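Student: I am new to this structure. Please take me through one part of it closely: the contacts made by charged and aromatic side chains.

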Amino acid sequence: MSTSPQRNEQLDGLRGYAALMVVFFHAILGADPDLVGRVLYRNFSGITGARDWMSKIGLTLLNGETAVALFFIMSGAVLFESLMRDRSPTPSLIRNFFIRRFFRIYPVLFVCLIACWLVFNAAGTPRTADNLLLNLSLLEYPVNGATWTLGVEAWGAVLLALGFLAFKRFKEAGLVVVALIFACLYLPPLMGYLVQFRMFIYCFALGALIPTPLGRAVISRIPTWSWPILLIGTIFARHTIQETIAVFLVGLIYYRKAGALGDFLARPTSVFLGTISYSLYLWNVLFLEIINLQLHRVSGLPHPLVTGLISGLVITAFAVPVACLSVKYIELPFIGVGRLLTSRKKESLTTFSTQQSGA
């Protein structure tokens, strides 16, 4: 079983399709917002009528919440692997980790929020300057609702950094203990704090275990032929059961044991979607809101599943080119800035240590 190198194209492919799931999930709900209360959070047994049954099937197969759980599990695995691979002194390692995360996430977020704020105000769905500032600070998300996941990612990075410090001293047990400490957010006195983050502590913690020796040992015992079962479980299960199954699925993909699924995820189209997935996830909201604004002015629309799939295709057609430009002119340059800043710090430390030793 091979270990994961710096770039796992199969994970890229999974990330790309997860981003597409979010696009179509929001497009379907945008076609009929009442589906949230009437269909989305009801069991199949509680749904009546063929129309809502069709919507339930579509929202299950393209469930954005499932996609988000996969995002956080992959973040846990990939980021924890990067911490394990870094041989810098611990203070520098943690500092560099947060610097790189900032330049990976925030520049695109900043540009996208400014663009959304300008376009939405021009289109007749105004947001105030306070709304923009709140969203930029990731305290609230009134401009681009999808950015709530970035607030979760920020706290997830804190969990992973502290978990890594404990892992260095106490191995996997230390990581588990840190996750349990964060899980205290579920206790009644703290239930009003970090509400969105606490729902995904489990995802980050189990994701972080994937690249560890324990995770490697567990995944090595899962047969390759099980990937269809794990994929079905990830799609149809919910809550903690779903997240647990999804961790095993991501683990198979991480260690390239997912057979035909892994081969599909490593295809050029899949990898392309993965490389633009972050920008696609952010920028699709701009087109989603504009299209939904137009849809709500039209009467006699077809079934919301059909309308949502069509609008999802239109949103994707507009968002993909913008995402490509975003990757080329914002993401990659600022990722380079983050690497440059952290590499300079490493070089300075190396030079200082050499001078101290008298070499």
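Tutor: What follows looks at the ring contacts, then at the charged pairs. Keep in mind that this is a predicted model.

Start with the rings. The structure holds 17 aromatic pairs. One of them joins Trp148 and Phe200. Trp148 belongs to helix 7, residues 148-182. Phe200 sits in the loop between helix 8 (195-198) and helix 9 (201-209). The two are 52 residues apart, so the pair links distant parts of the chain. Trp148 is partly exposed, because its relative accessibility is 21%. Phe200 is buried, because its value is 9%. The cut-off for buried is under 20%.

Now take Phe182 and Phe197. Their ring centres also lie 5.9 Å apart, but the planes stand at 80°, so this pair is edge-to-face. Phe182 is in helix 7 and Phe197 in helix 8, 15 residues apart. Phe182 is buried at 14% relative accessible area. Phe197 is buried too, at 2%.

Ring pairs link Phe72, Trp148, Trp155, Phe182, Phe197, Phe200 and Phe204 into a cluster.

Some rings have a charge over the face. Lys56 lies over Phe44, 5.6 Å from the ring centre. Lys171 lies over Phe167, at 5.9 Å.

Next, the charged pairs. Side chains of opposite charge can pair when their charged atoms come close. A search of the whole structure finds 9 salt bridges. Among them is Glu331 with Arg104, whose closest N and O atoms are 2.8 Å apart. This pair links distant parts of the chain: Glu331 is in helix 16 (residues 304-357), and Arg104 is in helix 5 (residues 90-123). They are 227 residues apart. Glu331 is buried at 3% relative accessible area. Arg104 is partly exposed at 26%.

Glu289 forms a salt bridge with Arg127, at 2.7 Å between the closest N and O atoms. Here helix 15 (residues 277-295) holds Glu289, while Arg127 is in the loop between helix 5 and helix 6. The partners are 162 residues apart. Both Glu289 and Arg127 are buried. Elsewhere, salt bridges that share partners join Arg7, Asp12 and Arg15 into one network.

Last, Asp32 and Arg38 meet in a salt bridge of 3.1 Å, N to O. Asp32 is buried at 15% relative accessibility, whereas Arg38 is partly exposed at 31%.

Definitions and conventions
Residues numbered from 1 in each chain as written. Predicted model: local features only at pLDDT ≥ 70, side-chain atom pairs only at ≥ 80, totals over all residues. Heavy atoms only, no water. Salt bridge = Lys/Arg side-chain N within 4 Å of Asp/Glu carboxyl O. Buried < 20%, exposed > 50% of the residue type's maximum accessible area, 1.4 Å probe, protein only. Helix = DSSP H or I, 4+ residues; strand = E, 2+ residues; numbered from the N terminus. Phe/Tyr/Trp six-rings, centres within 6.5 Å; stacked < 30°, edge-to-face > 60°. Lys NZ or Arg CZ within 6 Å of the ring centre and 35° of its normal.
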